[in-house]
Amino acid sequence: MEVFAHWRTWDEARAALAASGIDLNRLEKAALAARRWHGDQTRPTGVPYIEHLLEALEVLVRGAGETNPAILDAALLHDVVEDTPATLADIEAEFGDEVAELVDWVTKPPAGGAGRQARRAAKSAYLRRLRDAPREAVVVKLADRVSNVQRLHQMPPDFQRRYYAETVTYILPLAEGEPWFASWYAAWREEFAHLR
């Protein structure tokens, strides 16, 4: 199972993408906006949040061979509405309606009530809804989840088991239509088979 963690900064990603033919000025605008909106947020593992976004981008480009500019922008911006004060209107104003729509698809709505049960119900409904998402949004979600699960062993045991089950139930079916992702997730599932 390949781990995608080579691009820890935008400068590293930009250098790696130099010969790719991807519009780096456009992509840099998304990277800088993501860094601005996320500020000094960190992941549960303590790393700067931008590293997660760059991992999702690396998964799409180096792994899946994706070059669609809207998908790549959305990968860098996929958590800003969920985790920062930025709104979909902010994204649409800076990046257009296509990128805003993709971000909207992959943004988990707030829970309809208080407590863990309400949050889990809202998340399950959101993950089920992704079955109806356009392919472009699905690959953004698949890349996001690759970043989240590739080092699942670093998380607390209860979280590992719950997240493994959630990924197998909701994400693996989404990967079936994307050969590269289907292959990656099959290897991941074997790597973490002890969590079954």
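## Contacts, salt bridges and helix packing

Leaving out residues up to four places away in sequence, His78 touches His52, Leu53, Ala56, Val103, Val106, Thr107, Val140 and Asp144; contact here means heavy atoms within 4.5 Å. The model is a predicted one, in which local features need pLDDT of at least 70 and side-chain atom pairs count only at pLDDT 80 or more, while totals for chains, interfaces and linings use all residues. Residues are numbered from 1 along each chain as its sequence is written, and side-chain values use heavy atoms, with hydrogens and water left out.

**His78.** This residue sits in the loop between helix H4 (69–77) and helix H5 (80–83). Helices are DSSP runs (H or I) of at least four residues, numbered from the N terminus. The His78 side chain has a polar contact of 3.1 Å with the side chain of Asp79. Another polar contact, of 3.0 Å, joins the side chains of His78 and Asp144. A polar contact is a pair of N or O atoms within 3.5 Å; within protein, one atom must be able to donate a hydrogen and the other to accept it, and residues adjacent in sequence count only if both atoms are side-chain atoms. Asp144 is also among the residues that His78 touches.

**Salt bridges.** How many salt bridges does a search of the whole structure find? The search finds 15, a salt bridge being a side-chain nitrogen of Lys or Arg within 4 Å of a carboxyl oxygen of Asp or Glu.

Glu66 forms a salt bridge with Arg135, and their closest N and O atoms are 3.2 Å apart. Distant parts of the chain are linked here as well: Glu66 lies in the loop between H3 and H4, Arg135 in helix H9 (residues 135–149), and the two are 69 residues apart.

Arg135 also forms a salt bridge with Glu178, where the closest N and O atoms are 3.0 Å apart. Because Arg135 lies in helix H9 and Glu178 in the loop between helix H10 (157–175) and helix H11 (179–191), the pair ties together parts that are 43 residues apart in sequence. Elsewhere, a network of salt bridges links Glu2, Glu58 and Arg62.

**Accessibility.** The table gives values for selected residues. Buried means under 20% relative accessible area, exposed over 50%, and partly exposed in between, with a 1.4 Å probe and protein chains only.

| Residue | Relative accessible area | Class |
|---|---|---|
| His78 | 1% | buried |
| Arg8 | 43% | partly exposed |
| Glu51 | 10% | buried |
| Glu66 | 11% | buried |
| Arg135 | 39% | partly exposed |
| Glu178 | 14% | buried |
| Phe181 | 2% | buried |
| Glu166 | 14% | buried |

**Helix packing.** Two packed helices are described by the angle between their axes and the distance between the axes. Axes are lines fitted to C-alpha atoms, for helices over the stretch in contact, and angles run from 0 to 180 degrees between N-to-C directions.

H9 and H11 pack at an angle of about 25°, and their axes are 11 Å apart. H9 is therefore roughly parallel to H11; angles under 35 degrees count as roughly parallel, over 145 as roughly antiparallel, 65 to 115 as roughly perpendicular and the rest as oblique. Val139, Leu142, Ala143, Arg145, Val146 and Val149 of H9 make the contact with Phe181, Trp184, Tyr185 and Trp188 of H11.

For H4 and helix H7 (residues 97–106), the packing angle is about 50° and the axes are 9 Å apart. H4 is thus oblique to H7. The crossing of H4 and H7 is right-handed. Ala70, Ile71, Asp73, Ala74 and Leu77 of H4 make this contact with Glu98, Val99, Leu102 and Val103 of H7.

**Phe181 and Glu166.** Phe181 belongs to helix H11. Apart from neighbours within four places in sequence, Phe181 is in contact with Val59, Leu60, Ala64, Val139, Leu142, Ala143, Val146 and Ala175. Glu166 lies in helix H10. With neighbours within four places again left aside, Glu166 is in contact with Lys123, Leu127, Arg145 and Ile171.

Note on methods
Left-handed = near helix turned anticlockwise from the far one by under 90°.
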